[in-house]
Amino acid sequence: MAGARCRTLYPFSGERHSQGLRFAAGELLTLLQVPDGGWWEGEKDDGLRGWFPASYVQLLEKPGMVPPPPGEESQTVILPPGWHSYLSPQGRRYYVNTTTNETTWERPSSSPGISASPGPHRSSLPPTVNGYHASGTPAHPPETAHMSLRKSTGDSQNLGSSSPGKKQSKENTITINCVTFPHPDTMPEQQLLKPTEWSYCDYFWADKKDPQGNGTVAGFELLLQKQLKGKQMQKEMSEFIRERIKIEEEYAKNLAKLSQNSLAAQEEGSLGEAWAQVKKSLADEAEVHLKFSAKLHSEVEKPLMNFRENFKKDMKKCDHHIADLRKQLASRYASVEKARKALTERQKDLEMKTQQLEIKLSNKTEEDIKKARRKSTQAGDDLMRCVDLYNQAQSKWFEEMVTTTLELERLEVERVEMIRQHLCQYTQLRHETDMFNQSTVEPVDQLLRKVDPAKDRELWVREHKTGNIRPVDMEI
């Protein structure tokens with residue numbers, strides 16, 4: 001498969017992939033890697049390389065010409081009229097009849113209209129998921145997509161009927177909230193994009209029942225609810241730190257006020273010195289707690305609030321972007337259903353006029369049949385266009401779902417890591433504050449150890465003595 005050439009169907013900006021390849025519609029690319037998962041790596045003619053959605057390109061294969069199977073001589077094999085060959089991303093060749101819309105892995109025989117297989121294999125390829133077969137094969141190459149509609153609208157024998165392949169494809173898929181998914185009973189488990197990481201991008205594609213039993217919740221909505229809860233938790237943490245700052249500020253204010261109190265200011269001696277140091281330590285401790293509150297504001301609370309605002313903007317952008325894509329997808333789905341209904345009505349009208357022609361031949365009836373055929377063909381064209389637009393919208397939604405869920409995952413990791421770092425900063429500041437508080441108490445301890453009542457008495461007596469002459473007894 002590597003080295004094959006493909007043509008771009010739609011323009012791609014490349015912004016949705018870290019190594020995206022930007023291109024316009026109609027450019028030629030050389031495939032370098034074609035892994036499962038819907039993303040391929042390719043190279044432009046100017047040497048630029050990058051990744052892009054596989055649904056945005058079509059593999060180039062000249063219709064009607066196919067290399068011989070292995071073991072046969074190298075010679076060109078002519079396919080029967082109406083048959084075209086294509087390569088799946090795994091390199092396996094399959095065949096499509098644009099007239100009958102048959103698909104088969106077996107190469108048709110050279111006899112026109114006869115397949116090499118025992119019987120017709122209508123839609124024998126796997127069902128489609130987001131515009132792709134389960135094997136990764138494009139669900140509808142532009143040359144063959146829904147070509148059976150053109151044929152059936154002009155063929156009275158096929159009016160009002162649907163091919164077995166369409167029924168089978170419908171049974172093998174389910175539609176949830178306007179998005180087509182493979183039916184779990186008919187599809188093997190799809191390969192995970194990040195099989196060992198339990199990543200958001202792998203486990204939130206389906207809907208989940210509401211715990212209250214009131215309906216279902218989309219998987220992406222569950223992710224948004226988790227992110228919104230994380231934002232609320234971060235807000236409450238910021239409020240908690242703010243309350244802690246208020247306590248520290250009030251505590252520092254009260255300590256400073258208490259240190260200015262004149263109670264016991266007349267105490268003398270070494271005990272008086274120790275008491276004065278106790279009051280001074282209160283002032284020092286007040287300054288320590290005031291600095292602690294200021295650092296809590298600048299190094300913990302403020303970063304938490306700033307990150308919360310940026311987080312809220314990113315969340316809003318993701319929410320609106322996916323919501324717009326879902327609305328567009330729902331609109332495309334409604335258009336498909338409307339076009340499908342219109343085609344059915346046109347086919348019924350054409351069938352009725354055909355039956356009238358069989359009963360009574362007239363020029364007016366023939367003219368009515370021609371008009372009915374034109375309207376039926378137009379309805380088929382409208383349905384083809386609506387289905388193509390729906391597949392494009394679904395492919396875009398699929399791409400955005402992967403990139404957006406990975407972005408939500410990155411935001412959540414960033415949020416948790418940021419909070420962890422700032423809570424570590426909080427504990428570090430607490431340790432520093434405790435150390436500074438201890439340093440304010442140490443001088444008090446030192447002075448208290450030096451308190452000596454005898455020395456204090458001596459100093460006081462020396463300063464306040466009135467004389468050392470003692471009284472004598474009175475004589476008669």
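Select Cys6 first. In this predicted model, Cys6 has a relative accessible area of 0%, so the residue counts as buried. For contrast, select Cys424, which is partly exposed at a relative accessible area of 37%. How many disulfides does a search of the whole structure find? The search finds zero.

Go back to Cys6 and show the strands around it. Strand β1 covers residues 5–8 and pairs with strand β2, residues 28–33, in the antiparallel sense. Three bridges join β1 and β2. Within this pairing, Cys6 stands opposite Leu29 in β2.

Next, select β2 together with strand β3, residues 39–44. These two strands are also antiparallel, with four bridges between β2 and β3. Pick Leu31 and look across to β3: the bridge partner of Leu31 is Gly42.

Now turn to the aromatic rings. A search of the whole structure gives nine aromatic pairs. One of them is Phe12 with Tyr56, an edge-to-face pair with ring centres 5.6 Å apart and an angle of 80° between the planes. Where do the two residues of this pair lie? Phe12 is in the loop between β1 and β2, while Tyr56 is in the loop between β4 (49–53) and β5 (57–59). The pair links distant parts of the chain, 44 residues apart. Both Phe12 and Tyr56 are buried.

Another pair to select is Trp205 and Trp397. The ring centres of Trp205 and Trp397 are 5.7 Å apart and the planes stand at 75°; an angle over 60 degrees counts as edge-to-face, so this pair is edge-to-face. Trp205 sits in the loop between α3 (200–203) and β15 (207–209), and Trp397 sits in helix α6 (residues 363–449), so the pair ties together parts 192 residues apart in sequence. Trp397 has a relative accessible area of 2% and is therefore buried.

The last stop is His289, in helix α5 (residues 269–359). Is His289 buried or exposed? Its relative accessibility is 8%, and buried means under 20%, so His289 counts as buried. Show the side chain of Glu248 as well: the side chains of His289 and Glu248 make a polar contact at 2.5 Å. Leaving aside residues up to four places away in sequence, His289 touches Glu248, Tyr251, Ala252, Leu255, Thr433 and Asn437.

Key:
Residues are numbered from 1 along each chain as its sequence is written. This is a predicted model: local features need pLDDT of at least 70, side-chain atom pairs count only at pLDDT 80 or more; totals for chains, interfaces and linings use all residues. Side-chain values use heavy atoms; hydrogens and water are left out. Buried means under 20% relative accessible area, exposed over 50%, partly exposed in between (1.4 Å probe, protein chains only). A polar contact is a pair of N or O atoms within 3.5 Å; within protein, one must be able to donate a hydrogen and the other to accept it, and residues adjacent in sequence count only if both atoms are side-chain atoms. Contact means heavy atoms within 4.5 Å. A disulfide is a pair of cysteine sulfur atoms within 2.5 Å. Two strands pair if DSSP finds at least two bridges between them. Rings of Phe, Tyr and Trp (its six-membered ring) pair if their centres lie within 6.5 Å; planes under 30 degrees apart count as stacked, over 60 as edge-to-face and the rest as tilted.
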